[in-house]
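Dear colleague,

I am handing over the structure below, and my notes on what was found in it follow directly after. Please read them with the model open beside you.

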Amino acid sequence: MEIDRDIPSDPIDRADYFIESVIDDHVKEAMRKAAAIPVGTAGECSSCGEWSMRLVDETCSPCRDKFARFYAP
Ligand SMILES: [Zn+2]
């Protein structure tokens with residue numbers, strides 16, 4: 001995606017522009033990663049039996065963290 005922006009001629013403004021665009025890229029990357037996180041469903045965890053609002057593959061977040069090395073999404 002190409003966005004047309006006016007690139008400033010002043011070197012200091014250009015530096016600010018560059019910094020802003022780098023921050024922008026990091027924010028966009030973070031948003032892309034956040035969008036890829038599964039929303040999950042509410043229910044009972046198949047591993048520990050606790051109720052969770054965000055089950056992913058029928059497993060709660062603490063159990064997914066605990067068994068992360070065995071869990072391959
Ligand atoms: Zn659990």
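Helix 1, which runs over residues 11-36 and so has 26 residues, reaches 37 Å from its first C-alpha to its last, close to the 38 Å expected at 1.5 Å a residue. Please keep in mind that this is a predicted model. Of the 26 residues of helix 1, the number that are buried is zero, so the helix lies largely in the open.

Strand 1 (residues 41-44) pairs with strand 2 in the antiparallel sense, over three bridges, and the bridge partner of E44 in strand 2 is W51. The hairpin that these two strands form has six residues between the strands, and within the hairpin G49 takes a positive phi near 80 degrees.

Most residues other than glycine have a negative phi, yet D57 has a positive phi of about 50 degrees although it is not a glycine. E58 lies in this loop between strand 2 and helix 2 as well, and E58, likewise not a glycine, has a positive phi of about 60 degrees.

As for their surroundings, D57 has 11 C-beta neighbours inside 10 Å and therefore counts as exposed, the cut-off for that class being 12 or fewer. E58, with 14 other C-beta atoms within 10 Å, is partly exposed.

With best wishes

How values were computed
Residues numbered from 1 in each chain as written. Predicted model: local features only at pLDDT ≥ 70, side-chain atom pairs only at ≥ 80, totals over all residues. Buried ≥ 20, exposed ≤ 12 C-beta atoms within 10 Å, placed from the backbone. Helix = DSSP H or I, 4+ residues; strand = E, 2+ residues; numbered from the N terminus. Expected span 1.5 Å × (residues − 1). Pairing = 2+ DSSP bridges.
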